Amino acid sequence: VLLDVYRIYLESAPQKLEKLRVLVQQTDLEPVVTLAHGLKGESGSVGGRYVMAIAAAMEMAGRAGNLDEVRRLMPELELRLQKTIAAIEKELSA
């Protein structure tokens, strides 16, 4: 079951990140909040605690209407997600 969860995450998390990249260039924070919330939950299910924490911070900033903070967090989210994906891929190939 965990392998299936990893595979689903490897497909969905990069898609969510790409959507977030586009959305943070706009001013409507509602979809940002929704995507960040989803990424937070998915990351928690695979042990991606840093991604989960950053996504949670993005969700809170979005709910507060703080677009600048959401944008500030984006590079860190990208970096941590890349590292999480690399760790999962390493685990799957072992």
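Let me start with a definition: buried means under 20% relative accessible area, exposed means over 50%, and partly exposed lies in between, with a 1.4 Å probe and protein chains only. By that rule, Arg21 is partly exposed, because its relative accessibility is 30%.

Now the ground rules. This is a predicted model, where local features need pLDDT of at least 70, side-chain atom pairs count only at pLDDT 80 or more, and totals for chains, interfaces and linings use all residues. Residues are numbered from 1 along each chain as its sequence is written, and side-chain values use heavy atoms, leaving out hydrogens and water.

On to helix 4. Helices here are DSSP runs of H or I, at least four residues, numbered from the N terminus. Helix 4 covers residues 67-93. Its expected span is 1.5 Å times one less than its number of residues.

Where does helix 4 bend? At Met74, by about 35°, and Pro75 follows within four residues. The bend is the angle between axes fitted to the seven residues ending at a residue and the seven starting there.

Met74 is also one of the buried residues of helix 4; others include Leu73, Leu77 and Leu81. What do the buried residues pack against? Helix 1 (2-23), helix 2 (30-45) and helix 3 (49-63). Contact here means heavy atoms within 4.5 Å.

Next, the salt bridges. The cut-off is a side-chain nitrogen of Lys or Arg within 4 Å of a carboxyl oxygen of Asp or Glu. The whole structure has eight.

Take helix 1. Glu18 and Arg21 sit three residues apart there, about one turn. Their side chains form a salt bridge at 2.5 Å, N to O. Glu18 is partly exposed, because its relative accessible area is 41%. Glu78 joins Glu18 and Arg21 in a network of salt bridges.

Helix 3 next. Glu59 and Arg63 are four residues apart, and their closest N and O atoms are 2.8 Å apart in a salt bridge. Buried or exposed? Glu59 is buried, at 6% relative accessibility. Arg63 is exposed, at 60%.

Back to helix 4. Glu76 and Arg80 are four residues apart, so about one helical turn separates them. Their salt bridge is 2.9 Å, N to O. Glu76 is partly exposed at 32%, and Arg80 is partly exposed at 25%.

Notes:
Helices (H or I, at least four residues) and strands (E, at least two) are DSSP runs, numbered from the N terminus.
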